[in-house]
Amino acid sequence: VSNIGTLDIYHWSDSIEKILKDSNATEFSKNIARQIIEFCSEPHFNYAFDSNVKNVLKVLLDEYFEAIWEIIGAGLIGDYLTYFHLKNMLGTRNGNWGHEGHLFENGSRNKKILEWVRKHDEVAPKRIANMMPIESGNSESIEWHPFTKVIIDEFGHMDDVLKELSANMGTFGTTGSSVPYYKNQKVLLEQLLDHQLENVTAWAEKMTEYTERCIKREQLDDEERYL
């Protein structure tokens with residue numbers, strides 16, 4: 001990787017995308033998935049290659065999910081460095097410049113991922129909680145993303161899962177004021193105040209109080225900014 005330039009990585013990703021899309025290349029897709037995991041495990045990860053690798057990952061997920069998922073999944077629950085780089089390429093982008101993340105774009109894939117989380121319930125729930133989408137994407141109402149709601153319902157008794165979900169919700173990007181983001185977050189949290197799991201209810205209460213303080217702080221910052 002240290003000897004590869006920006007133009008080289010472009011030709012690598014462009015060629016591989018064409019092969020994956022135009023051929024029935026199941027074994028090839030597995031080899032590429034393993035190469036990406038190896039790349040993500042590099043201590044000196046080259047962020048200049050991030051978007052090119054992300055494009056290849058999207059094709060792998062769209063075209064060869066069944067073949068490559070166990071390889072990608074092993075990376076997600078493996079060493080933290082590999083997980084961290086995969087999370088940044090596959091996970092959600094919260095806020096008004098984001099999306100739900102390539103990994104969670106397909107409902108049928110989400111069912112498979114949930115089965116995998118249940119199978120690896122010591123590590124996978126907290127890892128996924130830090131990268132899963134928060135909102136459903138339904139512009140008519142503010143609701144938890146269906147995948148995330150299942151994770152909360154099934155694994156909300158685990159403190160580490162709620163801790164990672166808090167970190168996920170607190171990582172976002174906005175254009176302009178952050179108040180709308182926090183207000184949406186408050187709506188979501190209020191939906192959990194009567195949750196069947198006491199652990200989730202207690203967490204939602206604390207997070208609601210914290211979010212209300214964030215709203216007040218951001219409103220004051222907005223007032224100062226526009227004075």
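Predicted model: local features only at pLDDT ≥ 70, side-chain atom pairs only at ≥ 80, totals over all residues.

Q: Is Ser13 buried or exposed?
A: Buried means under 20% relative accessible area, exposed over 50%, and partly exposed in between, with a 1.4 Å probe and protein chains only. Ser13 counts as buried because its relative accessibility is 2%. Ser13 is placed in helix H1, helices being DSSP runs (H or I) of at least four residues, numbered from the N terminus. Leaving out residues up to four places away in sequence, Ser13 touches Asn52 and Val56, where contact means heavy atoms within 4.5 Å.

Q: Which residues touch the most other members of the largest nonpolar core?
A: In soluble globular proteins, nonpolar side chains tend to be buried together. A nonpolar core is a set of buried Ala, Val, Leu, Ile, Met, Phe, Trp, Tyr and Cys residues joined through side-chain atoms within 4.5 Å. The largest core here has 62 residues, of which Leu60, Ile72, Leu76, Leu103, Trp144, Met169 and Trp203 touch the most other members. Helix H3 (residues 50-76) contributes the largest share of this core, 13 residues. Beyond its neighbours within four places in sequence, Leu76 has contacts that include Trp69, Leu103 and Met131.

Q: At what angle do helix H9 and helix H10 pack?
A: Two packed helices are described by the angle between their axes and the distance between the axes. Axes are lines fitted to C-alpha atoms, for helices over the stretch in contact, and angles run from 0 to 180 degrees between N-to-C directions. Helix H9 (residues 179-190) and helix H10 (residues 198-225) pack at about 165 degrees, with axes 9 Å apart. H9 is therefore roughly antiparallel to H10, a label for angles over 145 degrees, whereas angles under 35 count as roughly parallel, 65 to 115 as roughly perpendicular and the rest as oblique.

Q: How far apart are the axes of helix H8 and H10?
A: The axes of helix H8 (residues 159-169) and H10 lie 11 Å apart, at an angle of about 30 degrees. H8 is therefore roughly parallel to H10. Residues making the contact include Leu162 and Met169 of H8 and Trp203 and Met207 of H10.

Notes: Residues numbered from 1 in each chain as written. Heavy atoms only, no water. Helix = DSSP H or I, 4+ residues; strand = E, 2+ residues; numbered from the N terminus.
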